[in-house]
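Below are my notes, as numbered points, to read with the coordinates open beside you.

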Amino acid sequence: MSENALKRTSSYDKAHHVSLLSHKTIACLAGMGWIGKNDLLLTKDFGCALSILTDMPLPIEKTGQMHSQCGLCNKCKTICPTDSIHGVERKLGMPREDLLNVFQCEKCLKCMIMCPWTIQYALQL
């Protein structure tokens, strides 16, 4: 489906696993976290272990996009059973395909569970 078709339908393109604007992108632009090497939203407080669903009004402020805090860590790449994760830190404007192969990913969530940021959160429970 072309980008123009996505704009018209505002839908998710199942064939290419893409939507026009993802919740992760919105959260990053709002300064809530960053996109990790596993292409998941991460925060310092919860790692990958969060979902954000709200109808709460949020203040519109220019907070600045948070840069990746993954550094040299490659636990998600190492644990991935399908070698879908490339181990590259995301930069602004970088295509998702540079981070991982979404068609190869089996969505086992091992990368989420073994992320040091997620483990740090889980140990506090």
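1. Let me begin with the charged pairs. This is a predicted model, and a search through the whole of the structure turns up two salt bridges. In one of them, Lys24 and Asp39 meet through their side chains, with an N to O distance of 3.1 Å. Lys24 belongs to helix 2 (residues 23–29), while Asp39 sits in the loop between strand 1 (34–35) and strand 2 (41–42), so this pair ties together parts that are 15 residues apart in sequence.

2. Next, the rings. How many aromatic pairs does the structure hold? There are two. The rings of Trp34 and Trp117 have centres 5.3 Å apart and planes at 75°, so they count as edge-to-face; the cut-off for that label is over 60 degrees. Trp34 is in strand 1 and Trp117 in helix 5, so the pair ties together parts that are 83 residues apart in sequence. Trp34 is buried, with a relative accessibility of 0%.

3. Phe46 and Tyr121 make up an aromatic pair that is also edge-to-face, with 5.0 Å from centre to centre and 70° between the planes. Phe46 lies in the loop between strand 2 and helix 3 (75–79), and Tyr121 lies in helix 5, so parts that are 75 residues apart in sequence are tied together. Phe46 is partly exposed, at a relative accessible area of 35%.

4. Met114 is partly exposed, because its relative accessibility is 36%; residues in patches need over 30%.

5. Stepping back to the overall layout, the chain has five helices and two strands. Read from the N terminus, its elements follow the order α-α-β-β-α-α-α. Of the contacts between residues at least 6 apart in sequence, 51% join residues at least 24 apart.

6. Some totals for your records: the chain has 125 residues, and 26% of them are buried. Its accessible surface is about 8700 Å², with 60% of that belonging to carbon and sulfur atoms.

7. Finally, a word on confidence. The mean pLDDT of the chain is 83, and 83% of the residues score at least 70. Where is confidence lowest, and where is it highest? Helix 1 (residues 3–9) is lowest, with a mean of 51, whereas helix 3 is highest, at 97. Where pLDDT is low, the predicted coordinates should not be read in detail.

Note on methods. Residues are numbered from 1 along each chain as its sequence is written. This is a predicted model: local features need pLDDT of at least 70, side-chain atom pairs count only at pLDDT 80 or more; totals for chains, interfaces and linings use all residues. Side-chain values use heavy atoms; hydrogens and water are left out. Buried means under 20% relative accessible area, exposed over 50%, partly exposed in between (1.4 Å probe, protein chains only). A salt bridge is a side-chain nitrogen of Lys or Arg within 4 Å of a carboxyl oxygen of Asp or Glu. Helices (H or I, at least four residues) and strands (E, at least two) are DSSP runs, numbered from the N terminus. Rings of Phe, Tyr and Trp (its six-membered ring) pair if their centres lie within 6.5 Å; planes under 30 degrees apart count as stacked, over 60 as edge-to-face and the rest as tilted. Contact means heavy atoms within 4.5 Å. Accessible areas come from the Shrake-Rupley method with a 1.4 Å probe; for residues, only the protein chains shown count as cover. pLDDT is the predictor's confidence in each residue, from 0 to 100.
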